Amino acid sequence: MFPPDRIAVHAADTAAAGDAPAPGLIADLVAANHILFDQGVVDAFGHISARHDKRPDRFLLARNMAPGNVTAADIVEFDLDGNPVNADGRKVYLERFIHGEIFRARPDVMAMVHSHSHNIVPLSVVKDVPLRAIFHMAGFIGEAAPVFEIREAGGDGTDLLISDNALGRALAEKFADADIALMRGHGSTVVANSVPLAVYRAVYAELNARYQLQASGLGEITYLTAAEGRACVGRVEGQVQRPWDLWKAEAEKRRAA
Ligand code: MN
């Protein structure tokens, strides 16, 4: 297993790349990186991964770089321990262990987004006020998004990053009954059964957080019930292709010049 590295930077390849992933999956992952930047979910930090379509024990994630600039050539294949198999000495993300450990714990998950989006962070630090579904586009959040407290797994003095497999496993436990987990003083991770749905959920989780912060200053909030949240997942998320097509086309236009 590749040792956890907090400082550094060049990760050694430990195995051969598997069968090539579908070109369409790579294209979607590249588009997802651009969309998440365009939508303000990620800035220079944050990342999105997809499970390999031919090797469920592998996943795809950009090399260590700003998501807005990712190209197909920047996508690296990893095993579930977070070892890159074709990085060829390129820097990889310190927090790749988020992806490997959640893909391992949740066989149904095909993609995930880790971000520090601006309105989620306040809700990660206030005790007794969970992120909750406040509107129909974010029913998947449910009645109380779990919060990962890194001190419970890593003690005092961590840099709050998920920089090894043990921390990744501790975070993955939060996904036993949830598709989003906040990370105290850090951000969030959102999972889904496809790249477009992971992007959709990351975008609308951030909007939900913004609305919750705005509404909480006005008075008592009527949140979605659990039943309403479930109904919205069933119906509204079925529309995911519409925003995905729009966002992808806009991202391509923006970068075509
Ligand atoms: Mn992070």
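**Exercise 1.** Determine which residues of H6 and H8 meet, and at what angle the axes of the two helices cross.

Solution. Pro196, Val199 and Tyr200 in H6 meet Gln241, Pro243 and Trp244 in H8, where contact requires that the C-beta atoms of two residues, placed from the backbone, lie within 7 Å. The coordinates belong to a predicted model, in which local features need pLDDT of at least 70 and side-chain atom pairs count only at pLDDT 80 or more, while totals for chains, interfaces and linings use all residues. Residue numbers start from 1 along each chain as its sequence is written. Helices (H or I, at least four residues) and strands (E, at least two) are DSSP runs numbered from the N terminus.

Next, take the geometry: the axes of H6 and helix H8 (residues 241-256) come within 10 Å and cross at roughly 90°, the axes being lines fitted to C-alpha atoms, for helices over the stretch in contact, with angles from 0 to 180 degrees between N-to-C directions. That makes H6 roughly perpendicular to H8, since angles of 65 to 115 degrees fall in this class, whereas those under 35 count as roughly parallel, those over 145 as roughly antiparallel and the rest as oblique. Finally, the residues of this contact divide into five nonpolar, one polar and no charged; here Ala, Val, Leu, Ile, Met, Phe, Trp, Tyr, Cys and Pro count as nonpolar, Asp, Glu, Lys and Arg as charged, and the others, Gly among them, as polar.

**Exercise 2.** Identify the residues with the most contacts inside the largest nonpolar core, and the element that supplies the largest share of it.

Solution. A nonpolar core is a set of buried Ala, Val, Leu, Ile, Met, Phe, Trp, Tyr and Cys residues joined through C-beta atoms within 7 Å; buried means that 20 or more other C-beta atoms lie within 10 Å of a residue's own, exposed that 12 or fewer do, and partly exposed lies in between. The largest such core has 72 residues, and those with the most contacts inside it are Leu36, Ala198 and Val199. Its largest share, ten residues, comes from helix H6 (residues 195-216). Leaving out residues up to four places away in sequence, valine 199 touches Ala32, Ile35, Leu36, Val113 and Trp244.

**Exercise 3.** Work out the strand order of the sheet, and how S7 is paired and covered.

Solution. Seven strands form an open sheet with mixed pairing, in the order S3-S2-S1-S4-S7-S6-S5, two strands being paired if DSSP finds at least two bridges between them. Strand S3 (75-79) and strand S5 (147-148) stand at the edges, each with a single partner strand, so one side of each is left without a neighbour in the sheet.

Strand S4 (residues 111-115) and strand S7 (residues 187-192) run antiparallel and are joined by five bridges, with serine 188 as the bridge partner of serine 115. Strand S6 (residues 180-183) also pairs with S7 in the antiparallel sense, over four bridges, and here alanine 181 stands opposite threonine 189.

For the covering, recall that side chains in a regular strand alternate between the two faces of the sheet. In S7, Gly187, Thr189 and Val191 on one side and Ser188, Val190 and Ala192 on the other are all buried. Six of the six residues of S7 are buried, so this strand is largely enclosed by the rest of the structure.

**Exercise 4.** Decide whether aspartate 88 counts as buried or exposed, and where it lies.

Solution. Aspartate 88 lies in the loop between S3 and H2. With 9 C-beta neighbours inside 10 Å, aspartate 88 counts as exposed. Its phi is positive, about 50°, although this residue is not a glycine.
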